[in-house]
Every structure is written in structure tokens, then in C-alpha cells.
Amino acid sequence: MPLRLPRIGTSQIVALAAILAINWVVSPQFFDIRLQDGRLFGSLIDVLNRGAPVAILSLGMVLVIAMRGIDLSVGAVMAICGAIAASLADTHSLPVVLAAALGAGLACGLWNGFLVAVLGIQPIVATLILMVAGRGIAQLITEGRIVTFSSPELAFIGGGSVLGLPTPVVITLALLGLTLLIVRGSALGLMIEATGGNARAAALAGIGTRLITLAVYGWCGLCAAIAGIIAAADILGADANNAGLWLELDAILAVVIGGTSLFGGRFSLVLAVVGALIIQAMNTGILLSGFPPETNLVVKAVVVLAVLLAQSPRLKGLGSSLFGRGK
Amino acid sequence: MSETAAIPGLSIDTAPLLELTGFSKSFAGFRALDRVDLTLHAGEVHALLGENGAGKSTLIKCMTGVVHRDAGTLRLAGADIAPRSAEEAVKSGIATVYQEVNLAPNLSVAQNLFLGRQPTRFGLVREGEMRRRAREVLAGFDLHIDVAAPLESYSVAVQHIVAIARAVDQSARVLILDEPTASLDAHEVEILFAVMRKLTARGIGILFVTHFLDQVYAICNRITVLRNGRLAGSATTAQLPRLDLVRMMLGRELAEATAHTGAGRAEAGPEQPAFASFEDYGKAGYVAPFDLALRPGHVVGLAGLLGSGRTETTRLVFGAAHADTGAATVDGRKVALASPAEALHLGFGYCPEERKTEGIVAELTVRENIVLALQARRGALKPLSRREQDEIAARFIRLLDIRPPDPERPIGLLSGGNQQKALLARWLATEPRLLILDEPTRGIDVGAHAEIIALIRRLCAEGMALLVVSSELEEIVTYADEVIVLRDRAHVARLTGEEITVPGILKAIAADAPASGQAA
Amino acid sequence: GDLTVGFSQIGSESGWRAAETTVSKAEAKKRNINFKIADAQQKQENQIKAIRSFIAQGVDAIFLAPVVATGWDTVLKEAKEAKIPVVLLDRDIDPSGKELYLTAVTSDSVHEGKVAGEWLVKTAGGKPCNVVELQGTVGASVAANRKKGFEQGIAGASNVKIVRSQTGDFTRAKGKEVMESFIKAEGGGKNICAVYAHNDDMMVGAIQAMKEAGLKPGTEVLTVSIDAVPDIFKAMAAGEANATVELTPNMAGPAFDAIVAFKDKGTVPPKWIQTESKLYTQADNPKAIYESKKDLGY
Amino acid sequence: MNVAGRNSVSRLLPVAATSAVFLIGFLICSLTFPNFASLRVVMNLLTDNAFLGIVAVGMTFVIISGGIDLSVGSVIGFTTVFLAIAIEQWGVPPLMAFALILVISALFGAAMGAAIEYFELPPFIVTLAGMFLARGASFLMSTESIPITADLYSHLAEQAIRLPGGARLTVPAMAMLAVVAGGMVLLHLTRFGANIYALGGSRVSTALMGVNVTRTTVAIYTLSSALAGLSGIVFSLYTSSGYSLSAVGVELDAIAAVVIGGTLLSGGYGFVFGTFVGVLIQGLIQTYISFDGSLSSWWAKIATGLLLFAFIGFQQATLGLARRSRRLAAAGAH
Ligand SMILES: Nc1ncnc2c1ncn2[C@@H]1O[C@H](COP(=O)(O)OP(=O)(O)OP(=O)(O)O)[C@@H](O)[C@H]1O
Ligand SMILES: Nc1ncnc2c1ncn2[C@@H]1O[C@H](COP(=O)(O)OP(=O)(O)OP(=O)(O)O)[C@@H](O)[C@H]1O
Ligand SMILES: [Mg+2]
Ligand SMILES: [Mg+2]
């Protein structure tokens, strides 16, 4: 990646706005929001609500990618944690359920971190192991069926609302705030960027790169656990076969749309979440449009390319020279 | 070194080989080059000089099309050319060695030498033939290495020679060398000069960038000086005595002459207790076991040829490599030194030799690079506030005169010498008790060079212990209280006091049997 | 007896398939048959590999639940050469290979869709009825057939028409998400008269979406789906779902019987053993059916 | 300045470790299952993984150059659908259809390569978009699976070298072996191959060394897509049909095979032969699981993961041991 002067996320915001505008064209009621049973309803809210799991995954993924890693296992970890939560929900109290699910996610993340940081296995294969085995573990827990539950507390995490906003949205915002606090409020962010940018230099500067790697993968597992709990709470059951399936790709896509390079280094948490919203806005738009489902992927490909082209330094250069802004 | 080696028969009046006019380049509003002209004649060695950040490397990159200039024309042998990439530059007859080694570290030495022009038969590379030719080419540089081994298994110096050999072998009409001698020692420099003389005799024009003024007077016919992106002047070597040249480069007098010898080392008072000492410390296949004591206010210099084990010694001391024999003691207590992080907490600092791969984090800003080690020592949970960071960065940018003085610029965009200064700042900011410097003045301009040496002396006077590796023996003798000479990955001699002279060190390096003094 | 049967199962993508696997194992145990299952994780190439390895191991018979209809000729020829009979479960394959397998135990998925469509036409009773359709995975033959069958079922009634159709990938989560957007796109759901889902899982998700949007599935909005998994009976018992068409998970039972008869007495079974596509409505005591089904491994 | 050389054999270490791991794995399987150690199983391993092997060779080129190609699975899917429709519905002669699809897929790869180069976009995302696009295009062509009945297909299916024990060296297997051999020559013995390694070592340096980086990158993605097209042809031979959902997720299998084969995902290091062994290891794991046959769906997945871990862990250990003993040997020579 060539070096550039620091940039800001205008292109991501513009892309999001453009997609929302297109959604409005294909579905005029897109921006309609109404209040019902103390809860906001509308397509825009759907974008936020449905985008929550990927946004949460991307909060973990962005740190892993900033460390020059990648985590393919998040989808499987979602399935594991959802399965644990759902199978305990009707017999245990909510704190126990959450602790078990989050603990499992953390353990999965640390396992990945162990393979990468201690055994020195390349991240993509290291996490591939859990990607394959993890779904098996989830199915082992549910024995392949959809485990349903009726605990209203757990259900609240998926379908409830706080101050009119769906709970997943509130959780995402809170988690974004927490991540920002942990990463940018401490020197961790700097250390992650330094390690991702040049691991040898960072280690020689005295940064404990191994420990940070472990912590970052652990955090990523934790985020996947939260996403998994939300996914299970949303459908009042754990679907070990399908929960989080291929979501790792969406999370990676969100991070990259958010401007973080897959070669590590500089990262942006907020823009990763914006990236997740861009993806979800596009998905919701496709659903609202009424196009036949065969066209979904083609539309998605075109939108992804368009969003990326808008970020391309080459096109920006063209644009600024056209409009005479470039000096 | 000898005075101007004018090339017989060279006449400045001949038509220029390469002609640059009005080269300008701005980076995001920053003027790196401003209407620079330069003429290079066939058969001459032309020095391109200037302070760190003056724009030398940028001028070269603009010439070869790697960086797109804003304005300027380029004529080669009377014809306009406009290469848009390194590939086109090579095709039109300009071969270049860029400042940082720009080779493929993972390829074999032979592949690196011939990439893009390997000997082939039926489209297949003739590996044997290529290796044979590679050995031949490198033999011209007195380098006899396994050319099938990956380039990265060799030191920067070896890599640099390979890069030079590659450019020279491209049989171009113009050869550009951007600081080729920064990581070479005297012997290699001599070899390089011999090669350069051969080339100029064949009518090739050479543009040569260096910070060593001795070398300028040893080989160059003419000099062009840049200052802050502008042409500061151009003259034949004979017309420009050293002091005038320095004034032209800096735009002011050099406060302090560089050539100090043995100042302030005379007082042989009672030896202070060692801050850190190493006994029988070593690692099989890396460095033979050695004894080393590092005292406050005391500079230990490591001297030796390339690959003699100096860098390895520093890495062991800093915990970047793990000793398998011996013991390390700090402040009288035994320590494990299992990682750089541990060394950092013991009050060690380490400025590595390879700044691109082990020093800078290119995309982070100058400020972030400077505070990195200090932050690592405080731990992640005690972040330096932004104000503290700004203060520290500003202080060191001023102290070391880092240019441009913008703490928010990604460090990768700084000129090589300025990156080196920022790295020094990173460690000074931690106020270490022991500072290990591996080639600290590599690529540093004359002005800053003097400042850094002064700084080393001052740090020493303030009671810091120093371990310095330098290939410039003249430099070592100015500040070292003790010099350890290495050969073949073993400490072979220890010189102190009056023994520390350039000839003395050279003798110890060259001695076949273990020299007098302490052999490890 | 000492029969060894290898079963190349598609995967475990849904509760129904998990049940099919469980029931098959139980049926094998009942008959004292040595039963090997290879899970193909939805990939035809894996199924082909599994069949090859069954041949290499020299099993007595091979069961195949084909993930697609085409592309089996080569490997089935190999099985035939090795004299190992093959029985297709649950899905049929392309007609060109008819002589390559012994028999197929399947339901007719076009018929399933048709049963669902006919029920809806009858229940709507001449009133205009806008239907939204939750399709299965794009490209899956069952999805295409259930769509086709449903369209046949409503073909005669001009009052019933499909207004929106999207894929819900056969999953609950996607079913819910797609239904949410259908509701928004159709004026808060007021224009929707019925939902047709290609499987029950998607319908369970859709029912949740409707409830959250303040709609009343089962009364305001009619629902009809396919598979008859336990959870849909739970919804029917609660009055939130109207109808489902059963796809029995016990395909292996008849297949074992056919194989045993073929091996012991040489009886050649008919080419197609069709399973019943039974329609269940709220009138069929859903609670009791739920109880009877809930431990079958769905 | 005579300096001791480094052993260039060390670069072959990962491949050697991978091969050793495969052989040991095969041995263990043979001891566990009676019918395992047969020519038939070995030949099945080649035939069943032929399409994966072909596409993994292309992936090796891409990964060594520092890139990644996520589109290959979809390109295979598209190829099978295209072939089925072209041959069955448009009546194009099969060989002509093969040529056509190879050109189309090569152009597709060239377009991705050009987008990566010209717009400076990350390969991961460009090829992800390519993955959506190719899969979407095959949905648009047909969502149903279409059998291919052309004579050539059944002819090629018969066309196998029969070996003792019912084993057959099939056309797909031969195609894969040819591609592996060709890939080895191209990568290790040509200038193009050296450029690929250089690109993975350092992009900037490679450009400064006067290599046309743009042309090389475009060529790499063209090659990868063309091989995916070839793999699609093999896949359609293997299944005699075209189906829009075929080969989903093959890109991950290919990447895993490449990485297990000792290639670094960050580029610059790796061997085609290692990839070949990586493919065989993956095939071996699957064969093991289907021979076992007692594992439920979930235990099969867990076992796959564990075996993957065992292989990689063992490989890592072998590498570590080998490096250590080499260093000690060097020390002894001092
Ligand atoms: N890509 C870039 N973007 C922004 N600024 C740049 C870029 N490249 C170089 N510069 C700036 O241009 C100036 C000239 O740099 P250059 O590398 O040419 O210096 P130099 O004379 O070679 O110095 P040194 O002796 O330290 O190598 C420096 O201030 C540097 O920061
Ligand atoms: N000639 C060589 N042959 C093989 N490896 C070498 C050679 N020279 C250096 N290396 C390796 O390069 C790395 C850097 O060591 P280096 O040669 O820089 O040691 P040094 O004594 O500090 O020399 P200098 O600092 O003068 O370059 C080490 O890993 C070393 O093993
Ligand atoms: Mg420079
Ligand atoms: Mg060194």
C-alpha cells in the first residue's frame, strides 16, 4: 500500500448517503418512521437493526485486520455462542446464560490468538480451523436442530427496545463506545497500529506484540459472541447450521469499505461500523426493490465496486483535478 | 583519502549527456523541488549534495519517472525523454540505485541481479548460467557469496552491493547512485570507486549522492548542491573547497568541526561500577560468547567488518535474540533479557540498523513514531495525553532538527536522514540508562552528523551508558572510551585509552591471530 | 443381517434434514444394518467423493440424497460396475440415469407446492388475496419446484396473486428479515393477505416479524408453508399459523425395506416410491402432533 | 570479504515438511482402515480433487504475488452453467465452448487485475465483487441444474487409464497433473515466475527494479481466472452438468490448500508442488472421514478441524525442529 497523507471518511459517508437515497427512490416510504408500542418502526430502523450483528463483528474484525490478521471463524463462533445461549436460556438466569456464551466466545478468540501469536500459524489457516470445527461444535450443542427458547429476558436482547430503539442497535452503539474507549482511550490503538504497520519495529520498540495479538483475537471472539447472542435472541432460537453463515465475509468487507487496509496499520472503528451499515443498506434496498432474487448478487457486486471506486485514490485525483480543487 | 581524481580527457565543454531543466515538485502543498537544473556530462562523476530533506532523492525519482514531476524537461544525449516508470527509465539508458535498498528480499541474489533480463533458453531461465554470471558480476565487487541464497539472508551492506552491481551491470549510459556508500565500510567503498572509475572511462555519466565529503573529493568531478528544494549552486570540485561546500549546503557556517580526536577521554579516573554486564554471553551459531561491561558515562564502540557480528552483539544485549550461554547482570541483579520489552523496562534503548524494516512504522506519524517506545514502557493503560505527545514530539523535532518540522506527517514520507533522527528521538524520549546505537549516523548529513556526535558526547557526560556500532572508524575514535573489535562473529580484541586510534583498530581487525588484549 | 449401507447425506442445513438423519439411523438400527453416513456439506463434489469411497470400501448398498438432479452418471456407473445398488432418498435425479439406480424414495416437491396453493385458493374463497412468497435458496431445485407447484395451485384463481417474492435462504433469520421488508414495502402489511414460505423455518421467522409489526398471523394474514416441522405445529396451536404440508423425514425406512427385499429375495422394487404430501391445518390437533414430533431430531 | 553462504535448501523446508506430513497421514489411514492402502484410493484422491488442484495452482500464483482471488469458486460455477447452456441449448460444439469459456474467464480475470492495478483497490474486495458477479451471472443464466449429454462428455468420462485394482487415472486427474507440472515450470523457471515472487516480496521495489508491475498483475489474475475456467471445464466433466450453485466455497478450500502447502499468504514465498500436496492433504482428511463413516455431521466437521490443526501443527513443529537442528549444525561448524 502506498503511503498517503491521513484521510477522513467522507467517501464512506457519501456512499452511505447515496445508497440510502437510492433506497428512497426504489421505495418511497423508506424514510417513514412511526412509533408503535413504544418502539420505532421503519426501513431505516431495519437497516440499523439488521446491520447490528455485522457492525458488532466488524468492531472485532477491524482490530484483527489492523494487526495484519484476519478472523474467518467469527461466523462459526456466533453459531457456538448462540447455541449455548439458547440451550441454557430456559433453565438458567440471564447472567449465567450471558456469562457462558460470552465466555465461550472469549475462549474461541483466545484459541485463535494462541495459534497465531504463540504457534505462529498464519491467521487465515489458524482461524479456518475454527471456522470448520466451530460450526460442528455448534451443531453438537444443538444436535443439528433449531433449539428454541422462551425466556423473555434473552428475547429482549434481540427483539426488545430501549428508548424506542431496537436493543441490538443500542448494544452496537454501546459496544462502539466501549471499544473506542478501550482502544483510543488507552495506548492500545497506537500499539495495534504500530504492530500492524511493522511488527518487527514494534517489537523492537518494546511493545508486547504477542500479548496484544492474543487480546485482539480474544476481543474479536467476544464481539462474535455478542453478535451470536443477538442473532439467536432475534429468532428465539439457535440455528447452528445457518447462524452467522458467511458473515465473516461481510464483516471483512465492512472493515475494508471502512478504509482499513488488509495489510494492517491504520484503522477506524467508526468507519468500520459505517461500512457495515453500507452493506446492510444495500441488502435492505435489494429486498425492498422487488427485483427477482436471481439478480441480488449482481446488484451487490455492482454496488460494492461503485463504493470502492468512489474511494479509489486514482478517481479522487481525477475528480479533484476536474473540479480544480487539487493544488 | 586522495584529492580530486580528475579523469584525464574529461572536458566540461562537451555536449551534456543528461540535461535537467526546471524540475519542480510539490507534495500536498509542500515544495520539495523548485525549478532545479542539472547537467551531467559523459565520463564524469557528479556529486548531488544537500542536507537531509533537501530534495536529492526526490530529484532522482522525478528524473526516472517514479515520481511524477509538476514541471521540468529531461534531455538525454540531446533528445527529449520522459520516462514514466523505472522500467522506461532503464530502457532509455538510465540505471538507478535508489536510496533504500530496492530489491526483492525473498528472491535469490542471482535473481535480484538479473530480474527482468535473466538469460533464457526456450523461454526458460537458465539458472546455472545465471548463477555463474551472478558470481562473476559480484566478483567484480570482491563479493563471494552463495548467489542462490535469498537476498534477505544477507546484511544491508551486502544487499546494497547487489543493488549497485545490478545497476552497473545494466550497461546504461547514465548511472544514478543515491547514497550507495551509507552502509559500506572503507574497503567496499574503495572497490565501488574502482568500479565507478572504470565506468566513467567508458563514457558513462554517474550521478552520486553521499553525505561523506571525503568521498566527494575522492571521486567527483563536479558538484551540484540543493538546499530546501532549490538549486544552491553548481561547480567543479576543484573550485569548491570543503568549507565553501559546507556553507553552500547548510546556508550557514558549520558550528563545530567534525574532526575531534580523543577529546575528554583522558581522565582515567576510578572505574564506575557497571550498569549492565555480560559474562560469557553468547549464542551458538550467532555470536561466540563474550564479556562486556557497560558503565554510566562510558561509550563502548563495536568495530569490525561487515558481517563480523556487531549487529548480532547488540541484538543479544537488547534481548532481541536469546543467549544460550552466559549471564547478564543489571544493577547487580541477574536478569533474563528474554525480550526487548524486558530490556526496555530495565532502561535499555536500541536504535536498530535497518531503519526501513526494523525501525520506522511508515504509516504512523512522526509524533507517534517518537512516542512509541516511551508509551511501550509506560504500558498500554497509561496513555500519554495528546498534549504530552505533542510536547515530546515538538521538543525532539527541535532538538534534532527534523525536517519538515511537522509532527503529523507519516514518517514514511520523510527523507531517509530525517527518519533516522526520528528514530533516535524515539529512544531519547525514554531517557534510557543504556542506549544501543547500531550505525546511528547512517545517511545523516554533515550538519546533523556533527550534532549527533555532540549529542552522544553530551548523553555520555550526563551519565548514560552507550554501546555504539559504527563503520566510520574516524567517528568511533572521537567518542569511544573502549572499542571492541569483532571478527567472524567473535569478539577478538579490546582497545582502551591510547590504543583507540584508526590505525590501531584497523590493525586489530586485520590481524590474523587473535590480537593482543582480551580475546573472547 | 450383516448388511452395510453407506449414505451420502447432503448436509445438515435444516432441522428437517437433521431429523432425516436421525430417523434413518433409528431405522437402520431397527433392522440391524451397519449404517455409514457421509455428510457432504451441501456440495455435490463431496457427495461424489463419498460415493467413490463407499465403492472403495465395498459396501452392500448406497443411499444417496442428491444435492442436485444432474451429474451423477459417471459415479453411478462406477457403482453399477462394482455391483452396488443405489437408492435415491428425498430427491430425484435427472432422467438420463434411470437405469443407474435401483429405486428412488422421494416426495413430489411440485405436488407439495400445489397442495399449498390449492389450500390457499380454497381458504381465500374468492376474495382478492395478495400473497408474498419466501423462496428457498436461489438455485435449489426444491425451491424451484415448490414455486412452480404453488403457481400451478393458484393458477385457476385470478383473485390470488403473488405480489412479492424474495429468497429467505430456507433460514429463520433470513425469513424474518425478508418478511420485515415485505411488510414495509406493502404499506405496513395491510396489503398482505397471505404468506407462502418454501419451508416452515422461514415461516416461523416471518411470523415473528409479523407479530413485531403488530400484525396477526393466522387470522389477519394467512400462512401456508411446507415440511411440517414441530415448531410450526406450536405456532398453529397458538393460532399463529394456518397450514403446512408434510415432508416425511422417514425416507430411509422404505429404502431399507426395498434393499433388504432386493438382497434377500431379488425383488426389484418400483422405480419410484412416493411418500405422502399430507396437508395439516389448525383443525388437525396441532398440539398433539407437536408432542409426537418434537423428539424426532428436528 | 568472503562471507559464508546460507543454505538455499532451507527454502524447500516447508514443502518437505508438508510432504512428510502427508505421507505420515496416509500411513496412519492405511493402518486404520483395511481397504485404504490401494491404488484405487490414491487415484480417487487425484480425480476427486482435480478441479481443486487446478484452481489452487492459479491461487498459488496470486498469493505468491501478494494478492488473493476470491472469485474462483464462482467462476467455476459460471463455467459449468455456461458450458451446459452453450452445448445443450445453443448447440455449440463442446470443444468450441471450452475455448470460448477459457477466453471469457481469462478476460474476466484481466478485468479484475486491471481494476486492482488501475484504481489501486485491494484484491480481496475486487475479487469479492467478482465472486458476487460471476455467481450472480450464473443465476441469471439458469437457476436449474442442466445435464450435459454431448458425446464428448461421456467419451471423456470413459477415457481413463485403467490400472490394477479397479483404479483409474481419469482425464480430470491427468489435467490436474499437467497443470501442476505446467505451473511449476511457469513459476520456477521463467521470468514471469520470478517477477511474481518479486512482486510478493516488495511491490514498490519490483516497480523500481523496472518490472512492469501492471502487466504482471493483470497477467496473474488472468491466469488465475483462466485456470478457474479450466477447473470449471473439469468440474463439468466430473458431473456432466452445469449448475449455478456448484463449487460454492471452493475459493476457501483452494486458499487453505495453498497455505497448508507452505505458501505465505503475505506473498513472496511458496511452491506449486506444496500446493499440490496441500490439496492432497485436504482430500486425505475427507477420505478419512468418509471411510470412518460413523461420524455425525457435526463430528465430521469437528474432526476436519482437528485434523487440519494436527496437520498444520505437525508441519509447524517439523519446520521448527529442522530450523533448530540446522542452526546447531552451523554452530558446530564454527
Ligand atoms: N511522497 C511524499 N509525500 C510528501 N512529502 C514527500 C514525499 N517524498 C518526499 N517528501 C518530502 O520531500 C522532501 C525531500 O525529500 P528527499 O527524500 O528528496 O530528501 P533527500 O535530499 O534525499 O534527503 P536525505 O539525505 O535524508 O535522503 C522531504 O522533506 C520529504 O519529507
Ligand atoms: N555475509 C553474510 N552471509 C550471510 N549472512 C550474513 C552475512 N552478513 C550478514 N549476515 C546476516 O545479516 C544479518 C545482519 O548482520 P550484519 O552483517 O549486519 O552484522 P554486523 O556485524 O553488524 O555487520 P554490519 O553492521 O557491519 O553490517 C544477520 O542476520 C547476519 O546473520
Ligand atoms: Mg535521500
Ligand atoms: Mg550491522
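# Close-up legends

**A proline loop in chain B.** P404(B) sits in the loop that links helix 13 (386-400) to helix 14 of chain B. Helices here are DSSP runs of H or I with at least four residues, strands are runs of E with at least two, and both get their numbers from the N terminus. The peptide bond running from R403(B) into P404(B) is cis, and its omega is near -5°. Before you go further: this is a predicted model, where local features need pLDDT of at least 70 and side-chain atom pairs count only at pLDDT 80 or more, while totals for chains, interfaces and linings use all residues, and side-chain values use heavy atoms, with hydrogens and water left out. Residues are numbered from 1 along each chain as its sequence is written, and chains are lettered from A and ligands numbered from 1 in the order in which they are written.

**A positive phi at D142(B).** Another loop of chain B, the one between helix 4 (127-139) and helix 5 (156-169), holds D142(B). Phi of D142(B) comes out near 60°, a positive value in a residue that isn't glycine.

**Polar contacts to ligand 1.** A polar contact is a pair of N or O atoms within 3.5 Å. N52(B) puts a polar side-chain atom 2.9 Å from an oxygen atom of ligand 1. For E179(B), a side-chain N or O atom is 3.3 Å from an oxygen atom of the ligand. R409(B) meets a nitrogen atom of ligand 1 instead, with a side-chain N or O atom 2.9 Å away. On its own, ligand 1 has 640 Å² of accessible area (Shrake-Rupley method, 1.4 Å probe), and the protein covers 88% of that.

**The shell around ligand 1.** Strand 2 (30-40), helix 1 (56-64) and helix 14 (416-428) of chain B are the elements that give two or more residues each to this shell. Helix 1 of chain B gives the most, with three residues. In total, 21 residues surround the ligand, counting any residue with a heavy atom within 4 Å of it. The closest are G53(B), S57(B), T58(B), L413(B) and S415(B). By type, the shell splits into seven nonpolar, 10 polar and four charged residues.

**The annotated parts of chain B.** An unreviewed UniProt entry puts "domain: ABC transporter" at residues 18-253 and 268-513 of chain B; such annotations may be inferred rather than shown by experiment. Residues 18-253 of chain B are 34% helix and 28% strand, and their end C-alpha atoms are 32 Å apart. Chain B as a whole has 17 helices and 22 strands. Its radius of gyration (over C-alpha atoms) is 23 Å, close to the 24 Å of the globule rule for 520 residues, so chain B is as compact as a globular protein of that length. That rule is 2.2 Å times the number of residues to the power 0.38.

Contact means heavy atoms within 4.5 Å. No contact joins chain B and chain C, and their closest C-alpha atoms lie 36 Å apart. Chain A has 14 helices and six strands, whereas chain C has 10 helices and 12 strands.

Conventions
Polar contact = N/O pair within 3.5 Å; in protein donor to acceptor, adjacent residues only side chain to side chain. Nonpolar A, V, L, I, M, F, W, Y, C, P; charged D, E, K, R; others polar.
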